[in-house]
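Please read it beside the sequence and the structure.

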Amino acid sequence: MKGDLTMARVVIKEAKGPYTLQEGDKKKICMCGLSDNQPFCNGNHGKTKDEEEAHLYHYEGDSRKEVRIEETTGVTG
């Protein structure tokens, strides 16, 4: 393929905790999208504990910033 092209996508997740397949399972499925061990939970959902409802956040590494939605121009930082 000519040139290296990286494509990014925005995936919006609303869950703030993992999903347990069966009661008693130690492995849980990540539902927040922040785990470095996808599809399994690694506890990174703790970063979402103080998020406000109806707000949109962007996470990168250990940083988080709120993203404003502008109806006329799209998503802004």
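Thr48 is placed in the segment before strand E1 (56-60); strands (E, at least two residues) and helices (H or I, at least four residues) are DSSP runs, numbered from the N terminus. The model is predicted, with local features needing pLDDT of at least 70 and side-chain atom pairs counted only at pLDDT 80 or more, while totals for chains, interfaces and linings use all residues. Residues are numbered from 1 along each chain as its sequence is written, and side-chain values use heavy atoms, with hydrogens and water left out.

**Thr48**

- Thr48 counts as buried because its relative accessibility is 4%; buried means under 20% relative accessible area, exposed over 50%, and partly exposed in between (1.4 Å probe, protein chains only).
- Residues up to four places away in sequence aside, Thr48 touches Lys16, Leu34 and Tyr59, where contact means heavy atoms within 4.5 Å.

**Overall fold**

- The chain contains three strands and zero helices, and its pattern along the sequence is β-β-β.
- Of the chain's 77 residues, 13% count as buried.
- Among contacts in the chain with a separation of 6 or more, 11% are accounted for by residues 24 or more positions apart.

**Cysteines and the nonpolar core**

- Zero disulfides are present in the structure, a disulfide being a pair of cysteine sulfur atoms within 2.5 Å.
- The cysteine sulfur closest to that of Cys32 belongs to Cys30, but at 3.9 Å it is too far for a bond.
- Cys41 is likewise in no disulfide, and its nearest cysteine sulfur, that of Cys30, is 6.1 Å away.
- Cys32 is buried, with a relative accessible area of 11%, whereas Cys41 is partly exposed at 24%.
- The largest nonpolar core is made up of five residues, namely Cys30, Cys32, Leu34, Tyr57 and Tyr59; such a core is a set of buried Ala, Val, Leu, Ile, Met, Phe, Trp, Tyr and Cys residues joined through side-chain atoms within 4.5 Å.
- In soluble globular proteins, nonpolar side chains tend to be buried together.

**Tyr57**

- Tyr57, a member of the largest nonpolar core, is located in strand E1.
- Its relative accessible area is 16%, so Tyr57 is buried.
- Beyond its neighbours within four places in sequence, Tyr57 is in contact with Glu51, Glu52, Arg64, Lys65, Glu66 and Val67.
- The C-alpha atoms of Tyr57 and Val67 lie 5.4 Å apart, although the two are 10 residues apart in sequence.

**Pocket and cavity**

- The largest pocket has a volume of about 900 Å³; on a 1 Å grid over the protein atoms alone, a pocket is an open set of points with protein on both sides within 12 Å along at least five of seven lines, a cavity is a set of points where a 1.4 Å probe fits but cannot get out, and lining residues have an atom within 4 Å of a point.
- Grid points are joined across faces, edges and corners, and a volume is the space filled by probe spheres set on the points.
- The lining of the largest pocket comprises 31 residues, with Val11, Lys13, Leu56, Tyr57 and Tyr59 nearest its centre.
- E1 and strand E3 (74-76) are the elements that give two or more residues to this lining, and the largest share, five residues, comes from E1.
- One cavity of 30 Å³ or more is found in a search of the whole structure; the largest cavity has a volume of about 30 Å³.
- Residues lining the largest cavity include Cys30, Cys32 and Cys41.

**Lys13**

- Lys13 is found in the segment before E1 and is partly exposed, with a relative accessible area of 44%.
- Not counting residues up to four places away in sequence, Lys13 touches Met31, Cys32 and Gly33.
- Lys13 and Cys32 are 19 residues apart along the chain, and their C-alpha atoms are separated by 5.6 Å.

**Backbone features**

- Most residues other than glycine have a negative phi, and most peptide bonds are trans.
- Gln38 and Pro39 are joined by a cis peptide bond with omega of about 5 degrees, and Pro39 lies in the segment before E1.
- Ala54, also in the segment before E1, has a positive phi near 65 degrees.
- With 87% relative accessibility, Ala54 counts as exposed.
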